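Welcome to this short tour of a protein model. Have the sequence and the 3D view at hand, and take the topics below one at a time.

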Amino acid sequence: MLTFIGLGLYDERSITVEGQEALRDADRVYAEFYTSKLIGTTVADLESHHDVDIEVRDRAGVEQHPDDILDAAETEDVAFLTAGDTMISTTHVDLRLRAHDRGIETRVIHGVTAQTATSALTGLQNYRFGKATTLPFPYAHGADGLPASVTRTIDDNREDGLHTVVYLDIKVDNEAATNRLEGDETIEEYMTADVAAALLAEEYPDLVGVVVARAGSPDPLVDADTMAALADREFGDPLHLLVIPGDCHLLEADALVELAGVDRADLDVV
C-alpha cells in the first residue's frame, strides 16, 4: 500500500486525525518539500511528534528515481507526505499512477490547501476563482517582463470576472538539500509578496492585489492595495501568495474592506 498524506499548511499538528493515524501506522515514510513546505516545523519535529523516521526526497528522487519507494510499497505500508493537499501537484499524480502500473494499492488522505485557506481568509468565494498561475523568479524563466503564462491567466480571468490566485516561486537547491525542512539561504529561496507585487506592477500598477501570508499559522496576514503600493511593504515570514480579485459581489467586497483593508472604490463590485 502507498498512502499519500497531505500535512496541511503550517506545522506538525496541521495534519488531519486520519492522516496522523495512517502516518503512525506506516512501515516506511517518505516526504517531499520542494513543491511546498511547512514553515512552522522541521523534519525532526515531525519525526518526534509522530514517532516516525522520514526520508525526504528531492525532485529527482520523486520524479525520476522513485523505484525504491515503489519497491517498498509492494511489500510494506508506505506513507508519502507533502505539505498542503497531497494531490495538488502533478508530481504526486504521476507517482500514484506508477504505483497502479505495478499493481500497488494506493490511498489518498487529504489536507488543507492554500487555495481553500485563501478563500476563507479573504472572504472571496471559492467558486468564483478561475485558473491559478505561478509567478517565477525572473532568473528562472529567463525572459524580459512577466511570463505570458502569468499575464494570460490574469487577463483571461479578469475578462470572465473571476479571481486569480498567484502562487509565488519556491526554489530549493536539490544538491544541498538535506533531511530537514528549514535551512540557510543558500538552500531555499521564497518569493515574497512585495517582490511579486513589484514584478506585477510593471504590467498592472493600479490593479488591486490581496496578499495572504502564513495561511494556516497562528498569525496569518491579509493585506490589500494596488500592486504599486504593495511593492513598498513588508509582509513578514513566508509563505506568501497574491490574489487578484475579479468582479466582487457585495459580500466579497465587504469582506475585503473589513479583512484586508482595501479601498472599496478600487474594487469592481457587481
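Two strands are said to pair if DSSP finds at least two bridges between them. With that in mind, strands β10 (residues 208-213) and β12 (residues 240-244) are joined by four bridges and run antiparallel. Please keep in mind that this is a predicted model.

- Five strands make up an open sheet, in the order β3-β2-β4-β1-β5, and their pairing is parallel.
- At its edges are β3 (54-56) and β5 (106-109), each of which pairs on one side only.
- On average, neighbouring strands of this sheet are turned by 25° against each other, direction ignored.
- Strand β2 (residues 28-31) runs parallel to β3, and three bridges join the two.
- To find this pairing in the 3D view, look for Y30, whose bridge partner in β3 is E55.
- Helix α1 (residues 17-25) lies across β1 (2-6), β2, β4 (78-82) and β5, and runs at about 140° to β5.

**The sheet with β6, β7, β10, β11 and β12**

- Another open sheet of five strands has the order β6-β7-β12-β10-β11, and here the pairing is mixed.
- Its edge strands are β6 (133-135) and β11 (221-226), and each pairs on one side only.
- Neighbouring strands in this sheet are turned by 25° against each other on average, direction ignored.
- Helix α9 (residues 193-201) lies across β6, β7, β10 and β12, running at about 40° to β12.

**Inside helix α6**

- T118 is found in helix α6.
- Is T118 buried or exposed? T118 counts as buried because its relative accessibility is 0%, and buried means under 20%.
- Apart from neighbours within four places in sequence, T118 is in contact with V212, L241 and V243.
- A114 also lies in helix α6, which spans residues 114-122.
- With a relative accessibility of 24%, A114 counts as partly exposed.
- Not counting residues up to four places away in sequence, A114 touches L9, Y167 and L241.

**Residues with a binding-site annotation**

- An unreviewed UniProt entry carries the annotation "binding site" for L9, D85, I88, T113, A114, L168, A215 and H240.
- From this set, L168 and H240 belong to the lining of the largest cavity.
- L168 sits in strand β7 (residues 164-168).
- L168 counts as buried, since its relative accessibility is 9%.
- Leaving aside neighbours within four places in sequence, the contacts of L168 are L135, M191, T192, A193, A196, H240 and L241.

- Which residues of helix α2 (residues 43-50) are buried? They are V43, L46, E47 and H50.
- Seen down the axis of α2, these buried residues fall within an arc of 95°, so they line one face of the helix.
- Among the elements covering the buried residues of α2 are α1 and β3.
- D51 is found in the loop between α2 and β3.
- D51 counts as exposed because its relative accessibility is 71%.

**Backbone details in other loops**

- Most residues other than glycine have a negative phi, and most peptide bonds are trans.
- R214 is a residue other than glycine with a positive phi, near 60°.
- R214 lies in the loop between β10 and β11, and it is buried, with a relative accessible area of 13%.
- P238 and L239 are joined by a cis peptide bond, with omega about 5°.
- L239 lies in the loop between α10 (227-230) and β12.
- D58 is found in the loop between β3 and α3 (59-63), and is partly exposed, with a relative accessible area of 27%.
- The C-alpha atoms of D58 and F33 are separated by 7.7 Å, and these residues are 25 residues apart along the chain.

Key. Residues numbered from 1 in each chain as written. Predicted model: local features only at pLDDT ≥ 70, side-chain atom pairs only at ≥ 80, totals over all residues. Heavy atoms only, no water. Axes fitted to C-alpha atoms, helices over the stretch in contact; angles between N-to-C directions. Contact = heavy atoms within 4.5 Å. UniProt positions renumbered as here; feature names shortened; annotations may be inferred. 1 Å grid on protein atoms, 1.4 Å probe; cavity = no way out; pocket = protein on both sides within 12 Å on 5 of 7 lines; lining within 4 Å. Buried < 20%, exposed > 50% of the residue type's maximum accessible area, 1.4 Å probe, protein only. Arc of directions from axis to C-beta.
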